[in-house]
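User: I've got a new model open and would like to talk through its fold before I set anything up. Can you walk me through it?

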Amino acid sequence: AVLGAGARLVEALYVCETNTTAEHLGHTYAVLGRRRARVLREVLHEGSGLFTILAYLPAADSFGLAEELRRSTSGVSSVQLL
């Protein structure tokens with residue numbers, strides 16, 4: 001089955017977990033969009049006003065992500081790559 005299938009090109013991906021406030025949600029999405037992230041879900045944590053965004057992020061676009069995100073959101077957002 002493997003030999004009969006056509007060639008495929010795959011790209012390494014991280015699962016990106018980003019935490020931010022409602023005020024900086026737009027800036028966070030802008031940074032993720034520039035880095036070709038594919039958002040899986042967005043969760044609002046009741047009572048805290050914090051959002052958690054889960055996305056697939058290409059490994060090649062992950063370099064410098066934390067710095068750009070902190071600069072764009074004035075240090076409010078944080079990111080973790082899994």
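This is a predicted model: local features need pLDDT of at least 70, side-chain atom pairs count only at pLDDT 80 or more; totals for chains, interfaces and linings use all residues.

User: OK, which elements does the chain have, and in what order do they run?

Analyst: The chain contains two helices and four strands, and, starting at the N terminus, these elements follow one another as β-α-β-β-α-β.

User: And is the chain compact or spread out?

Analyst: It is more spread out than a compact globule, because its radius of gyration is 15 Å, well over the 12 Å that the globule rule gives for 82 residues. Along the principal axes, the C-alpha atoms fill a box of roughly 55 × 25 × 20 Å.

User: What share of the residues is buried, then?

Analyst: Buried residues account for 30% of the 82 residues in the chain. As for the surface, the chain exposes about 5400 Å², of which carbon and sulfur atoms supply 56%.

User: Switching to the sheet: what's the strand order, and is the pairing parallel or antiparallel?

Analyst: The four strands form an open sheet in the order β2-β3-β1-β4, and their pairing is antiparallel. The edges are formed by β2, residues 38-45, and β4, residues 78-81, each of which pairs on one side only. From one strand to the next, the twist averages 20°.

User: How many bridges hold β1 and β4 together?

Analyst: Strand β1, which covers residues 13-21, pairs with β4 in the antiparallel sense over four bridges; within that pairing, Cys16 has Leu81 of β4 as its bridge partner.

User: Let me zoom in on Leu54. Is that one buried or exposed?

Analyst: Leu54, which is found in strand β3, is buried, because its relative accessible area of 16% falls under the 20% cut-off for that class.

User: What does Leu54 touch, apart from its sequence neighbours?

Analyst: Setting aside neighbours within four places in sequence, Leu54 is in contact with Val15, Cys16, Glu17, Val39, Leu40 and Arg41. Cys16 is the residue whose bridge partner in β4 is Leu81.

Terms used. Residues are numbered from 1 along each chain as its sequence is written. Side-chain values use heavy atoms; hydrogens and water are left out. Two strands pair if DSSP finds at least two bridges between them. Axes are lines fitted to C-alpha atoms, for helices over the stretch in contact, and angles run from 0 to 180 degrees between N-to-C directions. The radius of gyration is taken over C-alpha atoms; the globule rule is 2.2 Å times the number of residues to the power 0.38. Buried means under 20% relative accessible area, exposed over 50%, partly exposed in between (1.4 Å probe, protein chains only). Accessible areas come from the Shrake-Rupley method with a 1.4 Å probe; for residues, only the protein chains shown count as cover. Contact means heavy atoms within 4.5 Å.
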